[in-house]
Each structure stands twice: as C-alpha cells, then as structure tokens.
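Subject: Structure handover

Hello,

Here is the structure you are taking over. Please keep it open while you read the notes below it.

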Amino acid sequence: MGCQVIIFLSPLLCCCCLMISLVGADFTPVDNYLINCGSKSNTTIDNRLFVGDLTKPRFLSLDSSPKSSPISLSDPNPSPNLPTIYNTARVFPRGGSATYRVSIKKVGIHLVRLHFWPFNSQNYNLSTAVFSASVNGYSLFHGFSASKPLLREFILRVNSDDVEIVFTPEGELGFGFVNGIEVISAPDNLILDYGVLSIGPNGMKEYKNLSYRVLESVHRINVGGLKLTPFNDTLWRTWIPDDDYLVLQSAAKRVNSTHTPNYKPSGASREIAPDNVYMTAQEMNKDNDTAFADFNITWNFPVIDHVQYLVRLHFCDIVSIGLNQLYFNVFVNGFMAYKDLDLSTLTFHTLASPYYVDFIVGMDHSGPIQVSVGPSSLSTTLKKNAILNGVEIMKVVNSKVTGTGHKEQKVWVVLGSVLVSIAVLSVVLLAVLLMLKCRRKPKPAESSGWTPLRAPIGSFYSRVTESVASPRNGLNGLKIPFEEILFATNNFDRSLIIGSGGFGMVYKGILRDGTKVAVKRGMPGSRQGLPEFQTEISVLSKIRHRHLVSMVGYCEEQSEMILAYEYMEKGPLKKHLYGSGLPALSWKQRLDICIGAARGLHYLHTGFAQGIIHRDVKSTNILLDESYVAKVADFGLSRAGPCLDQTHVSTGVKGSFGYLDPEYFRRQQLTDKSDVYSFGVVLLEVLCARPAVDPLLAREQVNLAEWALEFQEKGLLEEIIDPQLKGQIKPSSLKKFADTAQKCLADYSVDRPTMGDVLWNLEYALQVQESQATSETNESSVTFTSELSTNRVVSHVPSNVQPIEDTSDEKLEVEAPIDDLVTTAQAFKACYGRRNLLPNSGVASMIYDVESNQERARRVTVLWEHGPGV
C-alpha cells in the first residue's frame, strides 16, 4: 500500500517541486566549487571566491601518475586586463594523466568550466601544450591547444558522488595545463528531456534524453542588447551582442523594455536566461521602404565540427500591447522550425512572459548555423512583425572514454549489490502482494506519467445521460492508442500542422477507418496544460450537440496529452472575417454562424443542473465545418456554473484579452453572463470584420467593444460595418443585431440577456432579413425581446433531470405525458418564452419540472414541432 501511495503522489510532487523551483527566489547552487589552479592563495572575481588548489581544500583532490607530477607556474608578466585566476596555472607534464576529483553534494545537471591562458613561465610556453580532457568518462576534447584567453563551458548530468576531470598530454612532447576550474550545480530544468525537436531535411521528430548528453557552449547571444557579464547572470554566464552575426543590419531594429519579465511556471526562469536577455530584442525594421513587404531577420552563427548542435531560442513579447497580436515564423538552417508562433498562447495569455524552444540540428559541413524569424500569414499588413530575444548554440558531445579501470570495477560492484537488493526486495513484495490478493480485489493499474482520468464523482458531468455521451463505454472507450495517433498524423508530420496554442500543436489527421480528425498534442512529456486537458475530456466525453465540436478520443500513453476532435474543414471563424484573404462571408452566412454558436452556448448554459460556463468565447474558438455550420470549441477553461442556491462561481480570472467580462475581471465572480459578454464582442467582430483589440489603430479605436458602442449610441453604426456588407443588410436586421450586441456588452451582468435571449433575437434578425414584405415603419420599431416571462416556472433544469441529445436532424412524434396538451404547451412557453427560441430547425427536446395549478411538480416531456406558436 505504501508503494502504491508513493507511485500515485510522485508525479504531483515532481510537478510542485518544479513549479517552486521555477518561480522561487534567486537560485543558490548546492555545489559551487571554484578552483584557482596552481595557486597558494584565494582570489575573488565578480564577488566569487576561487580557492587555490595548493591550499588543499577538503572538497578537492589531485591524483597523477608517479612519472609526471603536476607542477605550478606563475605568469611573470601578468596582464592587468585579465582576472587574477589567469596569473597561475597547473601544468601536467607528459608521461601520464592527472585527475581533479571534486566531491558532489547533489546529483543532477552541473556546469563544468575550464579556464585557459597560455603564458610563458620558466621553461614552459603554454601555447605549445597539446592535450585532451574528460569528465566522468566523457571525452570533452582532444588535441587541444590554446593561443588566447579561453573559457570552455560544458553542461552534463552527474549521477555519482564526485566529478572527475582528467587531463591527458598528447604527443611525445605534449603537456597539459589549466588555470581555473568551476563545478556548479544547475537547476534540473536547465536541460530537459522533452519538448526538444530534431530538425533537418527529413522533417522534424522528437529528440529524447538530451540531459544525458554532454553539451559544450559555443555561442550565447543577447539579441538586441548589450554584453552581459557573469555578474548579471545567476549562473555566471557571459552573453554578447548579436551585431556581428546579423546578416542584414537594416532588417532589424532594437527594442527594449523597462519592465521586469513576467516569469511563469510553464515558461523560462532567470536561470534559463537573465532578465536583461528577455528585456531586449530585435524586431523587424518597418521604418524603411520595406515596411509593408515580407522579409526575415537572419543571423549566421559559425560552427566548425560536423556534429549535432542544440539551438536554443529565447522569446519574450515586449513589442505587443495586446494578446494574440504577434504571429511569426521561425526558421533554422532554412527549415521551418515553428509556424505561426503566438507567444501569448504559449505563455497562457500573458504578455512579456519569457519562453524558449530547443532544436537539434546536424551539421554535415562547416557552419554557419542560420536562424531566421519572419512574419506569419496570419498577421495583417499593419501588424507584420517578428522578434528574437536570445540565442544559445551548444555542441552535443557524444564520445565516451573507454578503459576507466578502477572506476568501471566500482560501478560493477555497486551494480551487483543493487541487483541483489532488488531481487530480495522483489521476493518480499511478491509475498506481500499475494497476501493482499487473497483479501481484496486488485485495483486497475495507473499510468506512471500522470494521474489517469476518472469520471468526476458527484459533479454535474456525472449527471449527463448516456444518450448524450460517446457511443463507446466511458472514458476508456474514448482512448486512442498512441500508435493510431502516429498513423493518423504521419508521425506528427510538420506539414500537417493546422494551428498552435498554449497547449501545443494541432495536426490534421486521418484515422485508419477514414475519419478526419484534428489532433491537439500537448508538449511531449510536459505537465503544461494538464488541468485543461482533463477538463476538456471531462466535458466533451459527456456532451453531444450539433453546435459543439465533438471529441473523437484522447491518448495518455507514454505521458502524452493528446486530444482528437472532429475535423472542421473551414477552420476558425476569425480567418473568414479578416487577415487571411479568404472570400467574405455574406450577411446571411454570418447570421447563421452566430445563431449556431449561440445555440451551442445556450445548450452549455442550460443543458445541465449547474450549467457549463465556457470562459473563453472568441472568434478563434468558433469553428466552421465544410457547410459553414458553426461549432464552439476549446473547453479547456470551462467551469461548472453556480449551484441553484448560488449566484456565481468565485474563481481566478482566465480568458482572452479583449473578450473578458469587465465585471468578472474586477470581482473574480464568474457567471454564464461572462460568456454573454464575450459573445457580444464576437458579434461586433462579425459585423465590423476587425479584431477585438487592434493596438495599431488610433487610441479610441483600439478596443472594438468601446469603439463600436460609441458609434451605436450615436446612431452611426453603419459607418463602421464591414464594407463587404454594404447594401446587404436590411436596416431592421442590422438594428436587431446591433441592439443584441449592445445588450450583451452591458457593464453589469444583471443587465445582460441570457444566451436564450440572444439566440431568439439573432433568429429574429435572420427572419427579418429574409422577410420579403416588411414595412420600414415596423422594422424601425423593433425592440430587444427577452425570452423571460414574469410567470416563468423554473430558472434551472433540476438536478434529477437529464438533458437530451440535440436532435435537429431527426423527425420526432409529438407526445405529452400530461393529459392536457394545452397545459404542456403553456408550461413549455413559460420556460422558453417564444416559439422561435427553439434551438433546432426541426424539433426541440427538453425535460422540465413544471408546476401547474398549484399542484406538485410533475415531470413532463415536451416535444414541440417547429410550427405555429401556441
């Protein structure tokens, strides 16, 4: 039982520890050993104390061959411009190896830095030295000679109690030397084993176990900024400007911020890169004649060895004043590394939040490694831009030294002991398990990647009838094998990417049975977005509606977080309104789309005892199928609505900038009226064909809702509608549509309509638009109509009542459990108000508790054919 508890909690503990380490205070390394080689005294550099190795500190030992004892040298003419650790050196004559052994307190990722300065002293000219070096059996370099002051930095995982640095002279006259050594423990998240992609002529694929490779730093660039010395870096690194690497200086423009970056647990930390890296950047220089042209900013970084390199790119959106405004592409060596990168979604809707991406590239020729950023096709002409804040390039060191002698022997002794211990423990555990098996039924096995999904007990989701759930049995029936996902996406072929977001990439796929799906894959191995992943499965596995995107299945194998949805051929509504060059939608198409989305949201709000609040209604989350039927998507932020005895849900603010309900933002009290506000912004997007927030416009026009409402109040709304709609809209239809949007955007939720009200009025706007003979007098007198009546019987579906699947494509017979059909019709009308509010084009199906003539509540089923009202 104890083992089971540990296995269950370990992922959660790991996640908590990771988050604490990411957002905690200044990093303090457990191991921080700084050695002044060949010196009898200590010296301080940048407030760091380097201990002379001749003082014989307890953490350090130096072993060598009896034939070649190390000697100490001092520079007779020390340079005043160099740190004092370069004034002395430890020299290793030919004849054998010398080993520095440093005791380690904490296993994990470490930095090993070796300092070299080839001065002349006594009979040694250190510039003629030729030698090799290794760390814990990994070869760092061979045939090395130094001709100038040089620092070589290596990053590696240490899994033993010490770090052994071995220097071996090469050649008959060869010898080795070193001036200073640093061994520093680093945060474990400095190098991760997931989220790294290998890029090359054969496409992209996941690169695994990066933290078990030795990496050597080659370039560390502060793009758009000044040189950063170790004093300004928590891991004492040096960052240099990018000026010498820019291919075309005039293509880039420096930009900086005076605000401290918004570090988030899911992004970068100060140990990944210091503040100053993320507070400066290069952006596209749009001040010249190419302001409206597509061009890239390109850097070339020279490398020599024909090996693999890690390319780490640092980003922080310090140029945008609103979310979802910056889209750009990233290229490495001419290959598309990231398409339509939107930093605000990767950082969970936060501006100026540091983020980085890792790529592995193989070089079959001598450099350079080329990095480019350029505008995305999703960007509008005035918003085309691309940024880069920092670049790191590290060589992947693969070679392993053989014949380590006594070290290998010790490893085998330890390994043998461990195996014996495991065997004994296994026998004991087997006996215990056999005893437990006799007492109780064993529980199902759990995934070691993260806590497996379970149907929420006692939540509103569990009350949904099986008739609206997937035809498969429960969540297990929705599981899709990872092998099937790989088949559907052609091993996550980058050419199949159709979108990206904070959760990860979205691929177009085809299952073996021919079903087209949209596959949303979380960052491999990451826990980023896990709550959203579980929420979407919980919601979508239990609901079915014509205007809600359906989930085909999910995959959690190998710690993956993958969701498969029905494929929506026409994509997000946003693409059909602005910025993509697609044909303009007609007014009737736009009304139909708005009505469909309203039906989906109305079902979410009223189809359950508590209802579901979407929390992220926007034009990118309304998708269109091949027939332009609208479906609401992305339920990662959804929450259960308030209980019958509550008015709101108290929760942290989440959503998208420009669509957020101001009352929810101020009071952190969530209701279904928050969705109504967001939908009101969408209605204005549909009408005006422009983004909810456009920072490039004049100040009074930046916020669409405020700007449009001002014109609406002045009676000048026709001046700002989409020019493509001019002459298409009847005045009465426009008035009804605009009044509906205005009501949705009321400052206080109590003044906003329900989604049922919104739906009815949008359907009315469509009826008026399609009407052949309507007098302008009557049209101009149309007012906003509410579904609510003073004698409405119930405000929520009771908890013991189950919603029925949307049956808009079916023809049902009319039946009424209550003898008096008129009473049934009156009860339905009291709940729904008007005939035109019915959510289906054919027949509506709902179940309510109705109280009639002071009698106790009776359960009635109402099936009302879409015909004349009662």
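How many helices and strands does the chain have? The chain has 14 helices and 44 strands; helices (H or I, at least four residues) and strands (E, at least two) are DSSP runs, numbered from the N terminus. This is a predicted model, in which local features need pLDDT of at least 70 and side-chain atom pairs count only at pLDDT 80 or more, while totals for chains, interfaces and linings use all residues. Residues are numbered from 1 along each chain as its sequence is written, and side-chain values use heavy atoms, with hydrogens and water left out.

The whole chain

Of the 870 residues, 54% count as buried. Buried means under 20% relative accessible area, exposed over 50%, and partly exposed in between (1.4 Å probe, protein chains only). The accessible surface of the chain is about 39900 Å², and 54% of that surface belongs to carbon and sulfur atoms; the areas come from the Shrake-Rupley method with a 1.4 Å probe, and for residues only the protein chains shown count as cover. Among contacts (heavy atoms within 4.5 Å) with a separation of 6 or more, 74% are between residues 24 or more positions apart.

UniProt, in an unreviewed entry, places the feature "binding site" at Lys 520. UniProt positions are given in the numbering used here, feature names are shortened, and annotations may be inferred rather than shown by experiment. Lys 520 is part of strand S33 (residues 516–522), and it counts as buried because its relative accessibility is 12%.

Lys 395 belongs to strand S30 (residues 390–397). Its relative accessibility is 13%, so Lys 395 counts as buried too. Leaving aside residues up to four places away in sequence, Lys 395 touches Val 214, Leu 215, Glu 216, Val 218, Asp 305, Val 307, Gln 308 and Tyr 309.

Two strands pair if DSSP finds at least two bridges between them; S23 and strand S28 (residues 369–375) run antiparallel and are joined by five bridges. In this pair, Ile 297 stands opposite Val 373 in S28.

Another open sheet has three strands in the order S36-S38-S39, again with antiparallel pairing. Its edge strands are S36 (571–572) and S39 (630–632), each pairing on one side only. Two bridges join S36 to strand S38 (residues 622–624), and Pro 572 stands opposite Leu 623 in S38. Helix H7 (residues 587–606) lies across S38 and S39, at about 30 degrees to S39. Axes are lines fitted to C-alpha atoms, for helices over the stretch in contact, and angles run from 0 to 180 degrees between N-to-C directions.

Helix H10

Is helix H10 (residues 704–713) mostly covered or mostly open, and what covers its buried residues? H10 is mostly covered, with seven of its ten residues buried. These are Leu 704, Ala 705, Trp 707, Ala 708, Leu 709, Phe 711 and Gln 712. Their cover includes helix H9 (672–688) and helix H11 (731–744). At the N-terminal end, Asn 703 caps H10, with a side-chain oxygen 3.0 Å from the backbone nitrogen of Ala 705. Just after H10, Gly 715 has a positive phi of about 75 degrees.

Regards

Technical notes: Polar contact = N/O pair within 3.5 Å; in protein donor to acceptor, adjacent residues only side chain to side chain.
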